[in-house]
Amino acid sequence: MSDTFEILNRRLKTSPFMVQGEVVKGFGRGSKELGIPTANFPEIVVKDIPSELSAGVYYGWSRVDNGEIYKMVLSIGWNPFYKNEKKSMETHILHEFDSDFYGSTLRIVMTGYIRPELNFGSLTELVDAIKNDIAIAQSSLEKSDHISHRFLEFIQKEI
Ligand SMILES: Cc1cc2nc3c(=O)[nH]c(=O)nc-3n(C[C@H](O)[C@H](O)[C@H](O)COP(=O)(O)O)c2cc1C
């Protein structure tokens, strides 16, 4: 295991990172090209992410407005596959929603780190990697130390 993997996981275990912000439109490729919809945070929220939380894939808990709390997987960075110029923060919630929720308030609690962001030779490889991230998030969030972070006041309280 790399140092980054251990350092970030130790940090998030003791001190999960919490973010709240409005859901804004991304490039819209998530649902169309990848079949994996993502909710984007605005630039001002992305700018506030501490640099120690390096570009990569994370997981944790999420809540749209005062809805249910669901598992999520999150990508922070420049999406090298698409060569984005702006850093983005995209949350894929492990739940099927009936419609988009642009303008809603999204709260996330990041509790674990999976891998750095990577470039891929094809769209299929990118999608396979994201599906693997989803499987890792799904099982890791069943563990008690991650479940406990679901009960933080930040995500439990009504807004
Ligand atoms: C869990 C997860 C992992 C991702 N990993 C990568 C990655 O390693 N490299 C990359 O270029 N993009 C990665 N992405 C970003 C996708 O390329 C991105 O979601 C896609 O460009 C859609 O963005 P859009 O909806 O803003 O168009 C990841 C996204 C998610 C949700």
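Asparagine 79 lies in the loop between β4 and β5. Strands here are DSSP runs of E with at least two residues, helices are runs of H or I with at least four, and both are numbered from the N terminus. The model is predicted: local features need pLDDT of at least 70, side-chain atom pairs count only at pLDDT 80 or more, and totals for chains, interfaces and linings use all residues. Numbering starts from 1 along each chain as its sequence is written.

Lysine 83 is also placed in the loop between β4 and β5. Most residues other than glycine have a negative phi. The table gives the two exceptions.

| Residue | Phi | C-beta neighbours within 10 Å |
|---|---|---|
| Asparagine 79 | near 45° | 20, buried |

Buried means 20 or more other C-beta atoms within 10 Å of the residue's own; exposed means 12 or fewer; partly exposed is in between; C-beta atoms are placed from the backbone. Asparagine 79 counts as buried because it has 20 such neighbours.

Now the ligand. Which residues come nearest? Of the 24 residues around the ligand, they are Gly26, Phe27, Arg29, Gly30 and Phe81. A residue is near if its C-beta atom, placed from the backbone, lies within 6 Å of the molecule. Two or more shell residues come from each of α2 (29–34), β4 (69–77), β5 (88–93) and α4 (123–140). α4 gives the most, with 4 residues.

By class, the shell has 12 nonpolar, 8 polar and 4 charged residues. Nonpolar covers Ala, Val, Leu, Ile, Met, Phe, Trp, Tyr, Cys and Pro; charged covers Asp, Glu, Lys and Arg; the others, Gly among them, are polar.
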